[in-house]
Amino acid sequence: AACKQVHRSLIQGFDYAMVWGTSVKHTPQRVGLAHVLQDEDVIQVVKKAKDKSNAADPYNQKQGPVNQSRQQIKKAKKPLKS
């Protein structure tokens, strides 16, 4: 119920949530979508992991051939001193 109140797109990728507070027996406790929160509970929503086997990494800043290291690319760009 808390996921709906935060944003409806959280429900699609919801895996589980960690809850700290009076609504759980153990602190923290892993709960599902049906868990009812009480006042002053703290919740951490964990979404399902995406399959990254065929997706490109958006944070990869490496340019050039895949089989070269960053150091090899860096050395190839420098002109030779003569």
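Start with phenylalanine 14, which stands opposite lysine 47 in strand 3. Strands here are DSSP runs of E, at least two residues long, while helices are runs of H or I of at least four residues; both are numbered from the N terminus. Two strands pair if DSSP finds at least two bridges between them.

Before moving on, note what is on screen. This is a predicted model, in which local features need pLDDT of at least 70 and side-chain atom pairs count only at pLDDT 80 or more, while totals for chains, interfaces and linings use all residues. Residues are numbered from 1 along each chain as its sequence is written, and side-chain values use heavy atoms, with hydrogens and water left out.

**Whole chain.** Zoom out. The chain has two helices and three strands. Along the sequence the pattern reads α-β-β-β-α. Of its 82 residues, 16% count as buried. Buried means under 20% relative accessible area, exposed means over 50%, and partly exposed lies in between (1.4 Å probe, protein chains only).

Now show strand 1 with strand 3. Six bridges join this antiparallel pair. Valine 19 stands opposite isoleucine 43 in strand 3. Switch to strand 1 with strand 2. These strands run antiparallel too, joined by three bridges. Here, methionine 18 stands opposite arginine 30 in strand 2.

**Alanine 17.** Select this residue in strand 1. Alanine 17 counts as buried because its relative accessibility is 1%. Which residues touch it, leaving aside neighbours within four places in sequence? Alanine 17 is in contact with Gln29, Arg30, Val31, Ile43, Gln44 and Val45. Contact means heavy atoms within 4.5 Å.

**Serine 23.** Move to the loop between strand 1 and strand 2, where serine 23 lies. Is serine 23 buried or exposed? Serine 23 counts as buried because its relative accessibility is 18%. Show the side chains. A polar contact of 3.0 Å joins serine 23 to histidine 35. Another, of 2.4 Å, joins serine 23 to aspartate 41. A polar contact is a pair of N or O atoms within 3.5 Å; within protein, one must be able to donate a hydrogen and the other to accept it, and residues adjacent in sequence count only if both atoms are side-chain atoms. Beyond four places in sequence, the contacts of serine 23 also include Val36, Leu37 and Gln38.

**Proline 28.** Stay in the loop between strand 1 (14–20) and strand 2 (29–31), which also holds proline 28. Look at the backbone. A cis peptide bond joins threonine 27 and proline 28, with omega about -10°.

**Glutamate 40.** Finish in the loop between strand 2 and strand 3 (42–47), the place of glutamate 40. Glutamate 40 has a positive phi of about 70°, although it is not a glycine. Most residues other than glycine have a negative phi, and most peptide bonds are trans. Glutamate 40 counts as exposed because its relative accessibility is 72%.
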